[in-house]
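The structure comes first, then the notes.

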Amino acid sequence: MTYQQIEPPIPSHDKLARIALLRDWLIANKFDGLLINHDDESLGEYLQARDERLCWATGFSGSSGLALVTPTGGHVITDGRYHLQAATEVAGCGLEVLDHAEDITALNDLPQRARIAAWPQQFPVKSWAYWEEKTGKAGHVLEQIATHPVDDVWQDRPPRKNSTPRPHDLALAGQTSAEKLQHLRSWLLNHELDGFVTTDATCICWLANIRGADLPHTPVIQSALLVTRDDAVISLEGRERAGLLQSLLHDAFSVRDDGLLGITKQVKNAVAYDPAKTSAGMLQALRNHGCQPTPKPCPISAQKMIKNDAEQAGMREAHRRDGLAMVRFLSALDKMPPKDELEIVIRLEESRRLSDKLLDISFDTISGLDEHGAVIHYRVSRESNKAVAANGSLLLLDSGGQYTDGTTDITRTIWVGNASPGRRMIEDHTLVLKAHIALAQCRFPVGTNGIQLDAITRAPLWMAGKDFAHGTGHGVGAALSVHEGPCGIHKRATTPLAPGMILSNEPGYYEAGSHGIRIENLVLVVADGDMLGLETLTLAPIDLRLVAKDMLTDHECAWLNKYHQHVWDILHPDLDDHHASWLKKATAAI
């Protein structure tokens, strides 16, 4: 059994019948529309199978999107990363795909003064407020419903997974939970607040120095947390594991088995919540218990995104280990070219599994040959599996590992097969490499945010009349979520970068129907005199067969040669002669 999810989380063969059930529900309950979000009650990126309500209803398996189902039609709304994927997966269910920027047009087909139902537990407060405003301006009403209609009609819904919590060693965490709680309580005092509440599983696990396996690809325990000036309460499902977690945390936390909304029973007075990470249902429950909820950016996220020395050391070691796995995989790919995309996924996971510290992959591997590489978040299935072309194929391979000490995320674009790549692919790859180098070598003043660095990264592509429809970089957790905020490098990233942040550097270029290219390394923000710079953590060669030296400046050539020398220096002592010989050629100076 692989960590990779080969098929969609929920079979979609009868999605048309499922939409019909929801339309029957709308008619029976006198609603004109039903909003179904991707999120679950925890509002995390990954879901348990039982919480894949959007996928169950529409077939769309992307990690960002929602649907508006009406009695006669409707739409699936998502962003540019998932357009091609959504168009394929949603086909045949009677819904049209809309870009997020045009989401308001989904309301155009509704009758006047339409009643739109939504389950507030799967909408962040900010998202709920957005749709409440948009529907109100259009003359409609957004109404909260007590239970989700998908849950009512989903007959073979999987059971909930309640994994066993485990401690995250202090040697890896770098701080005790008591020290982290002290910092959080100082924040409460400074803001004259009585408490802070969250259901963000990554924040709770980071604060308590625990990990779990409730979700795919993210080592967390799903729960809710309330921290006050003199108490800390964790609420989750499962009496037995609540008792086990209590024994791990001793008296630093009080653990209850009241579920997520059960945390509201403990809340009093002025409590803060993050409107981007708290559901509208949770906010309503807080108000119902008579407290005074105050919106604030999550203070735990602000702590968590700055990695301490122990977390940085763990991430470096995880990347060294992952680099060795990549070298073993890439060298074998040259020696024994794969047949198809699925074989590539399986062989890469097998290479990572040689380490006994691998817990999971950090997301489903993107293995896209030729035109599949242009689907930004493509996930191969048995149905979509594409063979390597007889004259060779361009492979976009985006993957990562969840290790006990760190999280990795790496993308390489690789030529697979015996023939040589064409000049156009080489030029496109080299343009993306130039963009990657522009960020990797960047030196910038304190206070610089991700918006500014995003523009710097895109400049080489813009000069060639090209661009890409995703951010340049996202934050990454330390043995936690592979996508972590609030830091990032994209067009909305207002958080100033600071030493200790770990982010991705992943510009790309995608030509629909032909090929996709992305080069991704993880980078650590470091002090560089009075300025800041980026230390590259990822250790794997960039395919030199796809690099046009005549398109690179001397400075860019020097960066590539220096990076490859660093990869060789760190990895070769732990390689046998065969793999070391391959790596020596793959990292040769140009």
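The model is predicted: local features need pLDDT of at least 70, side-chain atom pairs count only at pLDDT 80 or more, and totals for chains, interfaces and linings use all residues. Residues are numbered from 1 along each chain as its sequence is written, and side-chain values use heavy atoms, without hydrogens and water.

**Helix pair**
- Helix α12 (residues 309-335) packs on helix α13 (residues 341-352) at an angle of about 140 degrees, and their axes are 8 Å apart.
- α12 is therefore oblique to α13 (under 35 degrees is roughly parallel, over 145 roughly antiparallel, 65 to 115 roughly perpendicular, the rest oblique).
- In contact (heavy atoms within 4.5 Å) are Asp322, Ala325, Met326, Arg328, Phe329, Ala332 and Leu333 of α12 with Ile344, Arg347, Leu348, Ser351 and Arg352 of α13.
- By class, this contact of α12 with α13 has seven nonpolar, one polar and four charged residues.

**Positive phi outside glycine**
- Glu192 has phi near 55 degrees and lies in the loop between α7 (177-190) and β8 (195-198).
- Glu192 is exposed, at 66% relative accessibility (exposed is over 50% relative accessible area, buried under 20%, with a 1.4 Å probe and protein chains only).
- Asp370 also has phi near 55 degrees, in the loop between β16 (366-369) and β17 (393-399).
- Asp370 is buried, with a relative accessible area of 11%.

**Cis peptide**
- The bond from Gly485 to Pro486 is cis, with omega near 0 degrees.
- Pro486 belongs to strand β22 (residues 484-489); helices (H or I, at least four residues) and strands (E, at least two) are DSSP runs numbered from the N terminus.

Note on methods
Axes are lines fitted to C-alpha atoms, for helices over the stretch in contact, and angles run from 0 to 180 degrees between N-to-C directions. Ala, Val, Leu, Ile, Met, Phe, Trp, Tyr, Cys and Pro count as nonpolar, Asp, Glu, Lys and Arg as charged, and the others, Gly among them, as polar.
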